[in-house]
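Here are my notes after going through this one.

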Amino acid sequence: MKTQNAPIRTSIKICGLTREEDVDAAVAAGVDAIGFVMYEASPRHVSAERAAELARRLPPFVIPVLLFVNAPATKIIAACAHVPTALIQFHGDETPETCLQAARPFIRAARIPLDEQVSAGSARFDLVKYAEDFKAAQAILLDAHVEGYGGGGKTFNWSLLPPSVNAHLVLSGGLTPANVIDGILQVRPRCKTLAVDVSSGVEISRGIKSADKINQFVAAVRVADEQLAKNHVRLSPT
């Protein structure tokens, strides 16, 4: 009997939420995860108490994610006490050992150089080694390397990523409803599974999301999934 490939479904995270109506819009659109920024220097920063208020609006199986940048383990543990179901996202200069100190499931961000940085002589980022170094992470999030932390709404050159990475990846950095299809089609064949993460690409202003843009983004991701299915790209069984 012939078995069918598993249907391809790219998981979606909306990051940097600060308002109840934006959380509700993301949930209604069918996203899989909601990100709350714990980094005080970010214009999208919320306190742990505020993140807990917003996370209480989430239904089962929509995951809250707390984003930290070089935070001490004590702060991370305290924040997770407010949002006990949260996944952690490390977005700074954390080492593999640092990431394990909070004893929580985590995602590790990788800062991928922009084309101009590569042209200026920066070494190409070794994503295969990075994924091996952070093999305890549930996924490696790919973001553009800009000044400060976070992708700054910039995209990096997806075509320069390695052809095969033994990890679950999350594509981020400058994604919008207009370019996410191309990003998924280029990156999905290179990894175990792929998710996408968007913040500024669905905003009206910093920290203020647009329900219309969220819906457009989700719809575009599903179009990409349909194209992958037609191209017979299958999900990894691992």
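Predicted model: local features only at pLDDT ≥ 70, side-chain atom pairs only at ≥ 80, totals over all residues.

1. The protein has 238 residues, and 50% of them count as buried. Eight helices and 10 strands make up its elements. If you take the contacts with a separation of 6 or more, 64% of them come from residues 24 or more positions apart.

2. Start with strand β6, residues 139-144. Six of its six residues are buried, so the rest of the structure largely encloses this strand. Both faces are covered: A139, L141 and D143 point one way, I140, L142 and A144 point the other way, and all are buried. Note that D143 is part of that buried set.

3. Which strands pair with β6? On one count it is β5 (residues 106-112), in the parallel sense and over six bridges. Strand β7 (residues 169-171) also pairs with β6 in the parallel sense, over three bridges. If you want landmarks to click on, R111 stands opposite D143 in β6, and I140 stands opposite L169 in β7.

4. Strand β3 is mostly covered too, with five of its six residues buried. Its pairing with β2 (residues 33-37) is parallel and runs over five bridges. Here the landmark is F36, which stands opposite L66 in β3.

5. D197 deserves a look. This aspartate sits in strand β8, and its relative accessible area is 4%, under the 20% cut-off, so D197 counts as buried. What does its side chain meet? A polar contact of 2.7 Å joins it to the side chain of K13. Leaving out residues up to four places away in sequence, D197 touches K13, C15, Q89, L141, V170, L171, S172, G173 and L175. One of these, L141, belongs to the buried set of β6.

6. K209 is another charged residue to check. It lies in strand β10 (residues 208-209). Buried or exposed? K209 counts as buried, because its relative accessibility is 2% and the limit is 20%. The side chain of K209 is joined to that of E203 by a polar contact of 2.7 Å.

7. Now the open space. The second largest pocket holds about 480 Å³. Of the 26 residues lining it, the closest to its centre are S11, I63, L87, I107 and A195. The elements that each give two or more residues to this lining are β1 (11-15), β3 (63-68), β6, β7 and β8 (194-198). Which of them gives the most? That is β8, with four residues. By class, the lining has 16 nonpolar, five polar and five charged residues.

8. The largest cavity has about 40 Å³ of space. Its lining consists of A71, P72, A73, I76, F90, T98, Q101 and A102. Six of those are nonpolar and two are polar, with no charged residues.

9. Last, two backbone angles I'd flag. Most residues other than glycine have a negative phi. F61 has a positive phi of about 75 degrees although it is not a glycine. F61 is in the loop between α2 (48-55) and β3, and at 81% relative accessibility it counts as exposed. N70 likewise has a positive phi, about 50 degrees, and is not a glycine. N70 is found in the loop between β3 and α3 (73-82). At 39% relative accessibility, N70 counts as partly exposed, because that value falls between the 20% and 50% cut-offs.

Methods. Residues numbered from 1 in each chain as written. Heavy atoms only, no water. Buried < 20%, exposed > 50% of the residue type's maximum accessible area, 1.4 Å probe, protein only. Pairing = 2+ DSSP bridges. Polar contact = N/O pair within 3.5 Å; in protein donor to acceptor, adjacent residues only side chain to side chain. 1 Å grid on protein atoms, 1.4 Å probe; cavity = no way out; pocket = protein on both sides within 12 Å on 5 of 7 lines; lining within 4 Å. Points joined across faces, edges and corners; volume = space filled by probe spheres on them. Nonpolar A, V, L, I, M, F, W, Y, C, P; charged D, E, K, R; others polar. Contact = heavy atoms within 4.5 Å.
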